[in-house]
Amino acid sequence: MAAVAARGCGGVWRRAWQHGAGGPRPSSRGQRAAASSARGAVVPVGKSGLAPWVPVVGLEIHAQISSNSKLFSGSQVQFAAPPNSLVSFFDASLPGTLPVLNRRCVEAAVMTGLALNCSINKKSLFDRKHYFYADLPAGYQITQQRVPIAVNGSLSYSLCIDNKMSQMVTKTVRIKQIQLEQDSGKSLHDDTRSQTLVDLNRAGVGLMEVVMEPDMCCGEEAAAAVRELQLILQTLGSSQAVMAEGQLRVDANVSVHHPGEPYGVRTEVKNINSIRFLAKAVDYEIQRQIEELENGGTILNETRAFDSKLGCTVPMRDKEGKQDYRFMPEPNLPPLILYDAKSLPANMNHQQVVNIDWIHERLPDLPSVTRAKLVERYGILPEHSFALLNEDGLTEFFENVVKQTQMKPKKVIGWILNVLLSYLKQHSLTVKESPVSSVLMADLLNLLEKKEISSTAAKQVLAELWKGEGKTPLEIVKEKKLELIQDQKELEQICQAVIDGQENEVMAIKAGNLKVLNKLIGLVQRETQGRSNPVLVKQLLEKKLSE
Amino acid sequence: MLRASLREVSAALREGHVTPTELCQRCLALLKSTRFLNAYITVAEETALKQAEESEKRYKRGQPLGVLDGIPIAVKDNFNTAGIETTCASNMLKGYISPYNATVVQKLLDQGAVLLGKTNLDEFAMGSGSTDGVFGPVRNPWSYSRQYKEKSVPKSLSEDEESNWVITGGSSGGSAAAVSSFTCFAALGSDTGGSTRNPAAHCGVVGLKPTYGLISRHGLIPLVNSMDVPGILTRCVDDAAIVLGSLAGHDPKDSTTIQDNFKPFELPNLPDVSKLSIGIPKEYHAPGLSSEILALWSKAADLFKNAGAQVTEVSLPHTRYSIVCYHVLCTAEVASNMARFDGLEYGHRSDMNKSTESMYAATRREGFNDVVRGRILSGNYFLLKQNYENYFIKAQKVRRLIANDFLKVFGSGVDILLTPTTLSDAVPYMEFIKEDNRTRSAQDDILTQAANMAGLPAINVPAALSERGLPIGLQFIGRSFQEKQLLTVAKWFEKQVKFPMIQLEEVKRHSHDVFQHQKSASFS
C-alpha cells in the first residue's frame, strides 16, 4: 500500500532539454542544462519518442550508533581523535580475541526499528562478510546478513511541491531491514610516497544499516526521506547522524524504466556527504541514465561516486571486479535474543536482557508527532512546524518565547522563522549560538505586543541585540528613543505637516484613490523614524483628510 | 618427585618437602635434558623462576593461592601469553609477542601456577601428528622408554634411533610429551577434532576435552571456533579435575561460555559405577581399528559389566559422515579465521611492496605452510556463493544429525559412551610422513571428532601398553556439562587398569642429534 502511494508520485521524467523548462521537475537543473544541451545536439530529435521514464530510487543508509564504546569491543568512540588511539586488541584483530556485543548498540537498533515501524526480530544472527582491505583488520566484517535485528518497516516523510512551503505532500518509503554491523577503519592513500596509512579508530564502531526499498523517484524525495530519518535518529539519540562527520552515510541505488516495464539496471551512487548533494547526485544520475538509454547506450550495474565539485557521478574504480563475500555465520556470537514483556523469563537479570516493550514505552515523541502537537497547541501552520523541527533547538526556542510573551504564537512564529532564523542562517549560527536568547526575544515581542514600539522599531532593537552587548530590549528602546510617540498632539502635528507637504496626494485621496493614503502613512513613519503606530497614524490622517 | 601427580606435588609444596623454586629448577633441568623431544617451542626460564620465587614467598607467608600455587605447567603455543612468544608453530607468527594473556593462562597464573614454556604443535593446530609445525616434529617420549625398546626389535643398531622414534599424535603433541616426560605437571592443549585426546592416547596421559562453552576460548588462537575447546593434559584423572576446576566458568570476554556458575568438584575416592549405563557405539568399530585396541575395548566393557554397570551396544548412525562434514566446516572456518593474517597489524610481513594486494599474497604464501594454505583454499571454495548451500549448509545439517545421534543415545538412558581414542598405537615418524596431512587427519580424528561436532565432554584415559610397548588409551564421552560424572567414571577405570609408568632411559645421549633434525625440519 505504502509502495503504491509512493510510486504514484508523478515521478515521470522526460528529458528536460526536449520538453523545455516546463517539465515536471524544473528545479535543480542548473548544471544539467548545459551538459544536456551540449550532448542533446548529437541526439536525433524524436528518436527517443515521447515514452516517459520512471526513475526508481532506493537507499542504503549507514548510521553510526551513538555509543560510548564500539559494537564488539570496549574501545571508545570519538570523532577526530588522534589516529589509532581508540583501538582495542579486538579492533586490531589480534589473534585469539573475540567479539562481545555492546548492549547499548542493540538498544539503539531496537529503538530505531520501533521508530521506523519495523517488526523486531526476537532472534537475529550475526554473519561474517569477507573481503581483503587494509582498513578491515580481520579480513571480514561482522554484519547481519541472514536475519537482521529489524525488518518490514516504513518511514513517512513530507516534501513541498515546486519548492512552495505551502504545498506539502506526505509520502511513505518501506524499510526493508535494519542490520547491526561493524564500521571499517579509514585508509589514507599517499600516492606520492605510494603508501597507504590506516587509522583503526573507526574500525568496529557500531553501525545500523537501514535499507530503504526503491519507493522514491527523485532526488528531492530521497533527500526528504533521509532528512526525516536523520531527525528521527537524532530525536531517539540512536545516532548523532551528522553527515559531515560520516555518522550518516547514504548510498543511492538508481535506475530508470518505462512504465509497465521491469526495473532498469541500477547503479549505486556513493560518496554523498550531504543531503543537498544527495538530491543532486540522484537527479544527475537519473538524467544521465535517461540520456544514456536514449542515446542507445546501456546502463552498467556499477558503483559510481558523486563528485560534489563537478556535480556529477563518475564510475568508481572497481575494487576487485565481482566480489564474492563468502558469507558465513559468526561462530563466536550466539544468536541475539530479545525479549518482550510476554517472553521475558521471570528469573532473568534485567541488566542482561533487552526488553523490546520496555524500550517501546520509553520512545520519545517522534518528529511527526511533535509537529502535530505544535500545530495543535499553537495554531501554527504545518509547514511552520517543519521549519521549527528542521533546526536543532528551534522548537524549544519558540516554545520558550511563547511562554514568556503575551503575543499570540501565530505571530511569534513569524518573528522566529522570518527574522531570527534568517539572521542565524546568514551568520551560519546554530540556535544555541544565537546571541539573542529566548528571554530577550520574548521581552522584545512584549514591547511590540504592548504597542510600546512599532515593528519597524522592533527590528532595529533586534539589530542592536545581535551585537550581544548585554543590553535589554527596553534599554535599547530608551537609549535609541524608539518608543512609540504617545503624545497624540505631537503625532497630529507631524501628520499635518505631511499632509501640508503632499498636495497632489491629498487631492488624489480626496478624489477617491484611497491607496495613496499608504504613502502618507509611510511618510509619517519615516518622519517619526518608525516610532508611530501605523493604525493610529491612519486614523489621524483619515480624520484630518475628511475635515 | 617429578613423577608425582599434581595433587601429590601440591601436597609436598604445602608440607615444605620441596619449594616452588626447587621444583621449577628441577623441571627446567629435565626439560633441558629432554630438549631432543622438541616438546617445547619456547622455554620461559626467566619468568618461570620469577613466578616460582613469588610462589615461594607466598608459601613462606603461609598464604599459597591454592592447589596450583608453585606447580610448573606448560601451555600449547596457540594460547596467547603476554610477554612470551606465541607462534602457533608458524612462520606467520614467529617472533610474535602477544600483549595479553588468554583467559585460561591468566587463570592459571592468578592461581600461582608457574609457566615453564610454550609447547609444540602442528602449524595452527592443523594436524594429528605434531609433525607439521615450523619448529619440527615432536618425539614421543615413549620412543625412549624401556618398555618400547624392549619390545621393538631394531632392524639394525644404527637405524634404531632415527627410524624408530614414534610420533606423539596431535596437534597438542608438545603438551602431551611434556606431561608424559615429567617436565611439567599439567599442560594446556586445544581440542578441535581430537587434538588433546589423540596425543594423550599416544603419550599415555590423561587428555580431557571439556564441554564446549565450559572453558573460555578467549586468547586461544582459533582453528574452528565452533568446535575448539581448551584441553587439559595431566598424569591422572584427579589432576584433570583439579585443572578443570581452576579454568571452568563464564568469561565475559567469550560470549560462547555458559552463564551458569561452575562449581569445582572433587572426585570420590571409591567411585561406584554399578548404577551406570555404559554405551558401546558400534560405529566406532571402524575400519583400520587395530585388533589389540579392539580387544582392549571389549575388555574394558567387561570390566564395567563385572562391576555391575549396564553395558549396551548403541548406534550413532551418522558417525560415518563425520569426516567429510568436519572437513567442510573446519576448512570454511579456517579460511575465515586466517583472513586476518595479512601482514599489516602483526606477524610476518613480506618485503614485497608493489601493492597492498601483492604484499598480502606474498605474506600469506611465505607465512603459511602447505597444510594451512590448502585448508584456506578449500574453505573459501565451500563458502563461495554457488557452493555454500551444497557444502556448508549441508555440512551444518549433517553436524546437527551427528549431535542428535548423541542426544538420542543419552536420552535413552545411557550415561557414558566408551570408545577407543585412536585406531592404533603411535606409528614411527618415518611411517607417518608417508601420507599427507589431510589423509592422516581424516583417519586419526575419526574416533574423536564427533564429540567436537556435538560439543560433548570426552576424555582419554591411558589403558594399556600395546604389543610394541606403546600406550593405548580409551575414550569416554559424557553428556554436556556432566564433567563430574565423566571424570568419576574415568577415575574408576583408571584405578582398574593400573597403567604402567613410563620408564625413561638415560636421555642425555640423544641430545645432540635433535638439533640437527630441528634445522632440517623447518618448512621453507
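Ser130(B) sits in the loop that runs between strand E3 (114–119) and helix H5 (146–151) of chain B; helices (H or I, at least four residues) and strands (E, at least two) are DSSP runs, numbered from the N terminus. Although Ser130(B) is not a glycine, its phi is positive, at about 55 degrees. Most residues other than glycine have a negative phi, and most peptide bonds are trans.

The model is predicted, with local features needing pLDDT of at least 70 and side-chain atom pairs counting only at pLDDT 80 or more, while totals for chains, interfaces and linings use all residues. Residues are numbered from 1 along each chain as its sequence is written, chains are lettered from A in the order in which they are written, and side-chain values use heavy atoms, leaving out hydrogens and water.

Ser171(B) returns in the annotation, as UniProt (unreviewed entry) places the feature "active site" at Lys76(B), Ser171(B) and Ser195(B). These residues span 120 residues in sequence, yet no two of their C-alpha atoms are more than 11.0 Å apart, so they gather at one spot. Lys76(B) belongs to strand E2 (residues 72–76) of chain B, whereas Ser171(B) is in the loop between helix H6 (160–164) and helix H7 (173–180). UniProt positions follow the numbering used here, feature names are shortened, and annotations may be inferred rather than shown by experiment.

Turning to the interface, chain B contributes 41 residues and chain A 31 residues to the contact, defined as heavy atoms within 4.5 Å. Together the two chains bury about 2800 Å², 57% of it on carbon and sulfur atoms; buried area is the accessible area (1.4 Å probe) lost when two parts are put together, summed over both. Ser255(B), Arg340(B) and Glu345(B) supply 20% of the area that chain B buries against chain A, more than any other three residues. Zero salt bridges are counted between the chains, a salt bridge being a side-chain nitrogen of Lys or Arg within 4 Å of a carboxyl oxygen of Asp or Glu.

In chain A, UniProt (unreviewed entry) places "domain: Asn/Gln amidotransferase" at residues 396–545. This stretch is 70% helix and 0% strand, and its end C-alpha atoms are 48 Å apart.
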